[in-house]
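Visitor: I'd like a close look at just one part of this model, please. Pick a spot and walk me through it slowly.

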Amino acid sequence: MASSFALRLREEREKQQWSKRFLATAIEVNENTYHHYEDGDCFPSLPKLLALANCLNVSLDYLCGRSHIRQIFSLPPEANIHALLAENLKQLRQQTGLTQKEIAEELHMHEHSYQAYEIQTRFPTYQTFLKLANYYHVPLDRLIKIH
């Protein structure tokens, strides 16, 4: 069965009356990779997920099936996604009063993985991105928003 993301992605693309090829080209992935997104076989990287939300003009939470409210998402092209994610994760973690190690343990991940998100050396996977938003009780958009 296809994921909420895959179903919402297909639904939004069809609303725009775009072909899979068109949207694949727009987010700079090959058509086969895009097919896998809609079939639910894999998930996009964080930069590609953001590109999809921008192209489809929907929030990340809506696109990922975490919300039924169709809000608009917009990220300036010059935005540094790594820096925004790192800054926001650090801010959210500091609000909890926990260390990186403690957060990593609660999320069942290696401390180095969590550190990599805060020091801009790695993006979380789709599943980890959702896990982080769930842990901090924030919308996905909040993790990469400019304040």
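Guide: Let's start with Phe 5, which is buried, with a relative accessible area of 1%. Buried means under 20% relative accessible area, exposed over 50%, and partly exposed in between, using a 1.4 Å probe and protein chains only. Bear in mind that this is a predicted model: local features need pLDDT of at least 70, side-chain atom pairs count only at pLDDT 80 or more, and totals for chains, interfaces and linings use all residues. Residues are numbered from 1 along each chain as its sequence is written, and side-chain values use heavy atoms, leaving out hydrogens and water.

Phe 5 makes a tilted aromatic pair with Phe 43, 6.0 Å centre to centre with 50° between the planes. Rings of Phe, Tyr and Trp (its six-membered ring) pair if their centres lie within 6.5 Å; planes under 30 degrees apart are stacked, over 60 edge-to-face, the rest tilted. Phe 5 sits in helix H1 and Phe 43 in the loop between H3 and helix H4 (46–56), so their pair ties together parts 38 residues apart in sequence. Helices here are DSSP runs (H or I, at least four residues), numbered from the N terminus. Phe 43 is partly exposed, at 26% relative accessibility. Together with Tyr 126, Phe 5 and Phe 43 form one aromatic cluster.

Note on methods. Helices (H or I, at least four residues) and strands (E, at least two) are DSSP runs, numbered from the N terminus.
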